[in-house]
Amino acid sequence: MSCGMGMIKYLLFIFNFIFAVCGLGILTLGVLVHLQILGVSKQIETGLAFPSITLIVLGSIIFVISFFGCCGAIRESHCMTITFASFLLFILLVQIAIAVYAFIVVKNDDNFRNISEKYQEIFNGYFLNSESKEFIDLVQKNLQCCGVHSPSDYNGNPIPASCCKENDNNNNTCSVSNTYSNGCVEVLKDMLKFAGTVFGSVAIAIAGVELIGIIFALCLANSIKNAERRGYRV
């Protein structure tokens, strides 16, 4: 085994460990983003539910196929190394597509306009049905906001306790001086923009690491193939 190819072999093994960590990272990111938007996505189409689920699946697959890379490097198997590189190339392309989709969702003003309209529609039913009330209270409490654009959206109606910065004496309503000043639509938009940007950036960064791994895998596979033709092990 030549010094150069031996180095590639062990570098590939190290990269596979990194791929396994990246897989867990993608899986964790997908779960965190999905949990963050889950309650909102049930009522409002955010455009980020699909890529978050896809990242969860991809993270799991990356973690599993890193096994092929490790085995291919240790056993010097041309077939397993090529299989690993092929899977990794496919995942890299899917990740890039997801990143582009996430960036498009973030930049799409129509998507956020739809969110605003849908949230307004749900807010209008706050005092009319329990489902709308539960959703609005959940958003206001978790995102620390009040109303659609501001607390004044309640138009003289009692401001609910979910708008309170601190616990008020009255458990069911909130005084104007103790309410969050930001409207929920803007906070929701900022949260989704941040989630989409982080989403796409992390996917692109990990794709760069995967590209390096593909190059090393193909170099090692080529070395193994040439060695087999010459009749000895790498």
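This report covers the disulfides, the annotated transmembrane spans and the salt bridges of a predicted model.

**Disulfides**

The structure contains three disulfides. Counting bonded cysteines along the chain, their pattern is 1-6, 2-3, 4-5.

One of the disulfides joins Cys145 to Cys184, with an S to S distance of 2.1 Å. The torsion about this S-S bond is 95°, and the link of Cys145 and Cys184 is right-handed. Cys145 sits in the loop between α5 (130-143) and α6 (184-230), while Cys184 belongs to helix α6, so the bond ties together parts that are 39 residues apart in sequence. Cys145 is buried, at a relative accessible area of 0%. Cys184 also counts as buried, with 0% relative accessibility.

Cys146 and Cys163 form another disulfide, and their sulfur atoms are 2.2 Å apart. The torsion about the S-S bond of Cys146 and Cys163 is about 90°, so this disulfide is right-handed. Cys146 and Cys163 each lie in the loop between α5 and α6, so the pair ties together parts that are 17 residues apart in sequence. Both Cys146 and Cys163 are buried.

Cys164 and Cys174 also form a disulfide, with 2.3 Å between their sulfur atoms. Cys164 and Cys174 are each in the loop between α5 and α6, 10 residues apart. Cys164 has a relative accessible area of 10% and is buried. Cys174 is buried too, with a relative accessible area of 8%.

A further cysteine, Cys219, is partly exposed, with a relative accessible area of 34%.

**Annotated spans**

An unreviewed UniProt entry carries the annotation "transmembrane region" for residues 12-37, 49-70, 82-104 and 198-221. In the model, residues 82-104 are 100% helix and 0% strand, and the end C-alpha atoms of this span are 33 Å apart. Residues 198-221 are likewise 100% helix and 0% strand, with their end C-alpha atoms 34 Å apart.

**Salt bridges**

Side chains of opposite charge can pair when their charged atoms come close. A search of the whole structure finds three salt bridges. The table gives the pairs and their distances.

| Salt bridge | N to O distance |
|---|---|
| Glu121 and Lys118 | 3.8 Å |
| Lys133 and Asp137 | 3.0 Å |
| Glu186 and Lys189 | 3.9 Å |

Glu121 and Lys118 are both in helix α4 (residues 109-124), where they are three residues apart, about one turn of the helix. Glu121 counts as exposed, at 52% relative accessibility, whereas Lys118 is partly exposed, with a relative accessible area of 31%.

Lys133 and Asp137 are four residues apart in helix α5, so about one helical turn separates them. Lys133 is partly exposed at 37% relative accessibility. Asp137 counts as buried because its relative accessibility is 16%, and the cut-off for buried is under 20%.

Glu186 and Lys189 both belong to helix α6, three residues apart, about one turn of the helix. Glu186 counts as partly exposed, at 43% relative accessibility. Lys189 is buried, with a relative accessible area of 17%.

Methods. Residues are numbered from 1 along each chain as its sequence is written. This is a predicted model: local features need pLDDT of at least 70, side-chain atom pairs count only at pLDDT 80 or more; totals for chains, interfaces and linings use all residues. Side-chain values use heavy atoms; hydrogens and water are left out. A disulfide is a pair of cysteine sulfur atoms within 2.5 Å. Helices (H or I, at least four residues) and strands (E, at least two) are DSSP runs, numbered from the N terminus. Buried means under 20% relative accessible area, exposed over 50%, partly exposed in between (1.4 Å probe, protein chains only). UniProt positions are given in the numbering used here, feature names are shortened, and annotations may be inferred rather than shown by experiment. A salt bridge is a side-chain nitrogen of Lys or Arg within 4 Å of a carboxyl oxygen of Asp or Glu.
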